[in-house]
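Please look at the sequence and the model first.

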Amino acid sequence: MDYGLQDKVAVVTGAGSQIGFGKAIAVTLAKEGCSVVACDIDLEGAKQTAAEIEASGGKAMAIKTDVTKENEVQDLVKATIEKYGKIDIMVANAGHAFARGPFADQKEEDWDKDIGLNLKGVMLCAKAALPNMLERKYGKIIATSSGAAKRGAPGVEAYGAAKAGVGGFCKSLALSVASQGVNVNCVSPAIAVTNFIGGKMNPGVERMIEEIPQKRATVPQDVANLVTFLASDVSSHITAQMISVDGGSTTTQ
Ligand SMILES: NC(=O)c1ccc[n+]([C@@H]2O[C@H](COP(=O)([O-])OP(=O)(O)OC[C@H]3O[C@@H](n4cnc5c(N)ncnc54)[C@H](O)[C@@H]3O)[C@@H](O)[C@H]2O)c1
């Protein structure tokens, strides 16, 4: 299928982790013809992702951005428009769970970090990208939520709340801009062996995988394939949705 993504411009946040969803999304969008801005708080990682895309003939640049800081996110979009002339696709993917473990022991500062990165970070990315999208009546905003939003996840309550917030935010924003050419959706993966869990399997993760009906973890390419579909006009009638890519872990009526 031709996704029609040739010459589209995409920003992908959290694209620096070499084993994460963001890199797979960036590489896949580039293969489909997008110019990609690989953004991360980890500049070296973002550079590595951009270099890999360019080495295989794609167009990419790397930018260091902390998505929790409005001025940095505004600068990210400004630099994207300066370099490529527009922004068609914003993938707000950067995220992490800071408050982990027994709820009573979780620190307020970690709750703030969870909400700041996972929820406010998505909001800032959407806010920065929207003016150019609305001006051109064209845009796709896609955020990475989590099964923690849909099913809940013990021990990461703030993360679950923030990711559920991402769903509510995307739904509301999608309705605000639905008649103006901008689609807003989020994706909800199951557990994946990325830096989110320290990059390696552990007994807790093995138990979580056992609970997935397909009996396998999510892999970055699963998420990249869904994001690419949502970034394209093939899915132009899909907006205001949280779509699971989780091997059957969550079902909707
Ligand atoms: N791995 C999982 O099990 C899982 C499951 C569901 C959802 N998610 C979500 O998927 C997304 C991608 O995570 P991943 O699994 O690829 O993890 P990862 O740790 O491999 O990648 C996350 C990336 O985000 C970057 N990042 C962190 N804070 C940032 C900030 N303030 N500004 C910019 N970049 C920042 C990190 O440097 C890293 O490169 C996250 O939103 C995560 O919450 C992960």
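## Strands S6 and S7

Strand S6, residues 182–189, pairs with S7 in the parallel sense, over four bridges. Ser-188 stands opposite Ser-244 in S7. The model that shows this pairing is a predicted one.

## The sheet

S6 and S7 belong to an open sheet of seven strands with parallel pairing, in the order S3-S2-S1-S4-S5-S6-S7. Its edge strands are S3 (59–64) and S7 (242–245), each of which pairs on one side only. On average, neighbouring strands of this sheet are turned by 20° against each other, with direction ignored.

## Helices across the strands

Helix H1, residues 21–31, lies across several strands, including S1 (9–13), S2 (35–40) and S4 (89–92). Helix H1 runs at about 170° to S1. Helix H2, residues 43–55, lies across S2 and S3 and runs at about 175° to S3.

## The whole chain

The protein chain has eight helices and seven strands. Its radius of gyration is 17 Å, close to the 18 Å that the globule rule gives for 253 residues, so the chain is as compact as a globular protein of that length. Along the principal axes, the C-alpha atoms fill a box of roughly 50 × 40 × 40 Å.

Of the 253 residues, 49% are buried. Among contacts between residues at least 6 apart in sequence, 72% join residues at least 24 apart.

## Around the ligand

There are 30 residues around the ligand, and Gly-14, Ser-17, Gly-20, Gly-95 and Asn-195 come nearest. The residues of this shell divide into 11 nonpolar, 16 polar and three charged.

Note on methods:
Residues numbered from 1 in each chain as written. Predicted model: local features only at pLDDT ≥ 70, side-chain atom pairs only at ≥ 80, totals over all residues. Near = placed C-beta within 6 Å. Nonpolar A, V, L, I, M, F, W, Y, C, P; charged D, E, K, R; others polar. Pairing = 2+ DSSP bridges. Helix = DSSP H or I, 4+ residues; strand = E, 2+ residues; numbered from the N terminus. Axes fitted to C-alpha atoms, helices over the stretch in contact; angles between N-to-C directions. Contact = placed C-beta atoms within 7 Å. Rg over C-alpha atoms; globule rule 2.2 N^0.38 Å. Buried ≥ 20, exposed ≤ 12 C-beta atoms within 10 Å, placed from the backbone.
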